[in-house]
Amino acid sequence: MAGFFDRMLGRNSSNKGSSTTAKDRLKFVLLHERVKIAPEKMREMKAEIVAVIAKYVPGIDPDTVDIAIEQSDRYENKLVAEIPFSKTRAEAAAESDSHDDLSVSDDALVEADSASEMDADLKFHTDETIPNPTIQNSVDVLDEAETDEVDD
Amino acid sequence: MGAKVITITSGKGGVGKTTTTANLGVALARLGKKTVVIDADIGLRNLDVVMGLENRIVYDLVDVVEGRCRLRQAMIKHKQFPDLYLIPAAQTRDKTSVSPADMIHITDKLRSDFDFIIIDSPAGIERGFRNAVAPADEVLIVTNPEVSAVRDADRIVGLLEAEHKNPGKLILNRLKPAMVKKGEMLSADDVVDILALEIIGIVPEDDHVIPASNSGIPVTLNENSHAGVAFRNIARRLTGEDVALMDLETNSGFFQRLAKFFGGR
């Protein structure tokens with residue numbers, strides 16, 4: 001009976017068909033061709049950007065980072081990056097402690113991760129108004145710079 | 001100011017550039033417009049056969065460029081439509097025999113005597129394409145509802161931009177409404193959405209097209225052909241007339257489906 005109504009309303013009751021795939025594939029390939037950045041180059045760039053940000057901002061999970069080309073029309077393109085803070089430094093530290101503790105099962109770890117991610121999103125917004133974590137981060141960066149010099 | 005120069009191009013081969021050029025030439029002449037069509041596909045002459053003028057060629061485009069004949073001597077007058085002329089491509093030469101400047105020079109000499117100059121571009125994006133596009137006031141990009149043709153059309157848009165040309169308008173050729181309805185072919189809306197171009201015509205796939213080429217009588221002269229009507233509509237739009245896009249799914253309305261359903265088909 002659903003098929004009957006679909007037919008009467010001109011709906012296609014079967015799967016979407018290959019034209020949707022064609023459209024998605026074309027949009028993707030043309031987007032990259034228009035800005036002359038191959039998808040593979042985008043992946044490399046994303047990895048580098050993530051690496052740089054991770055150097056300054058603790059708790060960035062590369063899998064949650066989304067960097068993409070956004071096109072409103074043919075001549076207006078922008079790179080849009082969404083980089084969620086998945087954990088605060090304190091949580092990351094606490095977690096690396098718990099990693100050492102082998103009694104925690106894999107399943108439990110996954111759950112803990114997703115839970116702390118939700119917390120971190122909220123915390124990120126509130127933390128911004130508190131100067132302390134910023135100071136903490138810049139001290140870390142200085143430390144790293146010093147070690148680099150020693151290495152050289 | 002005189003003639004408008006319109007170049008028909010596509011990037012990909014086999015999408016229907018020559019068929020489109022022949023049909024727009026004939027359709028414009030039928031509308032009383034003085035029209036000359038130029039085959040810019042040097043070495044692969046074809047517009048002449050599609051128009052049924054292959055037996056009347058004496059001189060060609062390269063002969064004009066190299067000064068072996070006057071421009072008028074290379075222009076073949078169509079017997080049925082005295083307002084329509086063809087300048088054929090050379091058969092034995094290659095694209096480097098003509099330069100973009102030559103094309104501009106030739107069309108400039110024709111402008112004052114004609115309403116429309118239509119140039120059939122070769123496939124590809126090299127010299128032949130640049131020759132064909134150089135004198136264009138307007139570029140019509142022919143594509144098919146198919147990934148490779150649409151992708152090439154987008155390349156053409158990019159190249160037109162690089163040549164500081166207007167973005168071009170789209171002719172979507174060989175659309176199969178039944179396949180679109182099944183979701184197995186890109187629709188006109190899909191293609192317009194992907195390419196972000198103005199569309200000037202949708203030409204349905206039509207079994208009348210090949211017999212028309214076979215006999216050298218462009219399909220737009222066949223009153224029973226949907227493709228023929230579509231080409232006529234494009235010609236009218238080129239003259240500035242406001243013609244609505246063809247409804248290719250005339251039997252897709254609710255009541256038609258209802259009738260079909262109870263009609264037991």
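Helices (H or I, at least four residues) and strands (E, at least two) are taken here as DSSP runs, numbered from the N terminus. This is a predicted model, in which local features need pLDDT of at least 70 and side-chain atom pairs count only at pLDDT 80 or more, while totals for chains, interfaces and linings use all residues. Residues are numbered from 1 along each chain as its sequence is written, and side-chain values use heavy atoms, with hydrogens and water left out.

Chain B contains 11 helices and 8 strands. Of its 265 residues, 54% are buried (under 20% relative accessible area, 1.4 Å probe, protein chains only). Chain B exposes about 11500 Å², and carbon and sulfur atoms supply 50% of that area (Shrake-Rupley method, 1.4 Å probe). Where contacts (heavy atoms within 4.5 Å) link residues of chain B at least 6 apart in sequence, 74% of them join residues at least 24 apart.

A helix pair in chain B deserves a look. Helix α6 (residues 147-162) of chain B packs against helix α8 (residues 188-195) of chain B at an angle of about 35°, and their axes lie 10 Å apart (axes are lines fitted to C-alpha atoms over the stretch in contact, with angles from 0 to 180 degrees between N-to-C directions). The contact brings together V150(B), A153(B) and D154(B) of α6(B) with V191(B), I194(B) and L195(B) of α8(B).

Turning to chain A, strands β1 (residues 66-73) and β2 (residues 76-82) pair in the antiparallel sense over 7 bridges (pairing requires at least two DSSP bridges). These strands, β1(A) and β2(A), form a hairpin with 2 residues between them, and I69(A) has L79(A) as its bridge partner in β2(A).

Key. Chains are lettered from A and ligands numbered from 1 in the order in which they are written. Buried means under 20% relative accessible area, exposed over 50%, partly exposed in between (1.4 Å probe, protein chains only).
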